[in-house]
Amino acid sequence: MLRAPSERDIPAWFARATDVESASLAGDPVPDDMSAGARWFARSRRRFADGEAIQWSMDQAGVSDAIGTITLSFSATDAKVAALGFVLARAHWGRGLGSEAVCEVLRYAFETLALEQVTAEAVVRNLASLRILAKFGFKHTENFIDASDGERCERFALDRDAFENLRARPSGR
Ligand SMILES: CC(C)(COP(=O)(O)OP(=O)(O)OC[C@H]1O[C@@H](n2cnc3c(N)ncnc32)[C@H](O)[C@@H]1OP(=O)(O)O)[C@@H](O)C(=O)NCCC(=O)NCCS
């Protein structure tokens, strides 16, 4: 289930953010101390209030803490385009939960927000992320090197028509 982030998500966010392998796969900096959690939450609220982004916390039945976040960050130059980002706590990897969350947010992006395109980036060694993007019809647009860590990365885009066509197929997600 997706919901708005709350202050009580800060400890679980900090635990995910300080998982070095996960942060490296996501291309995120690893925070030094828990004060980063308060900054994460404040930034998430501010970006939502300013119309820059929507971030959701992911809940899972029977799990008390949020298990991840998923975010749509709106383009500053095109109101119909947003970038997708997602991070799931390691204990929940490999059970289809990342795919479920991406599906839900793509539906919201195209059907509710009526966006025309959702973009995404992934480091080339992030096989789970690349698989999720491929499954939902994202097309590769370019390669680039992350200036902060020298990682080889790829950029992708999914147009609304392509998403709807994929979902209209009998095997579509
Ligand atoms: C990326 C992430 C969200 C994936 O979530 P998840 O719930 O584990 O993913 P799913 O279980 O939905 O699996 C996604 C697909 O990747 C495949 N996959 C998973 N690990 C894989 C691997 N090492 N090699 C190849 N395929 C892999 C799965 O089999 C699945 O494909 P399928 O649906 O065809 O079977 C999670 O691994 C994560 O949070 N990673 C760290 C942060 C991150 O990388 N964020 C994304 C930044 S772009």
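**Exercise 1.** Which residue in strand 7 does His140 stand opposite?

*Solution.* The model is predicted: local features need pLDDT of at least 70, side-chain atom pairs count only at pLDDT 80 or more, and totals for chains, interfaces and linings use all residues. Residues are numbered from 1 along each chain as its sequence is written. Strands (E, at least two residues) and helices (H or I, at least four) are DSSP runs numbered from the N terminus, and two strands pair if DSSP finds at least two bridges between them. Strand 6 (residues 139-145) pairs with strand 7 in the antiparallel sense over six bridges. Within this pair, His140 stands opposite Phe156.

**Exercise 2.** Identify the other partner of strand 7 described here, and the turn of its hairpin.

*Solution.* Strand 5 (residues 117-123) pairs with strand 7 (residues 152-159) in the antiparallel sense over seven bridges. Glu121 stands opposite Arg155 of strand 7. The hairpin is formed by strands 6 and 7, with six residues between them; Gly150 in the turn has a positive phi of about 75°.

**Exercise 3.** Describe the shell around the ligand.

*Solution.* A residue belongs to the surroundings if its C-beta atom, placed from the backbone, lies within 6 Å of the molecule. The ligand is surrounded by 21 residues, the closest being Gly98, Ser99, Leu127, Ala128 and Arg131. Elements giving two or more residues are helix 2 (20-26), strand 4 (81-88), helix 4 (97-112) and helix 5 (127-135). Helix 5 gives the most, with six residues.

**Exercise 4.** Which residues does Leu106 touch, not counting residues up to four places away in sequence?

*Solution.* Contact requires C-beta atoms, placed from the backbone, within 7 Å. Leu106 touches Val118, Phe136 and Phe163.

Key: Contact = placed C-beta atoms within 7 Å.
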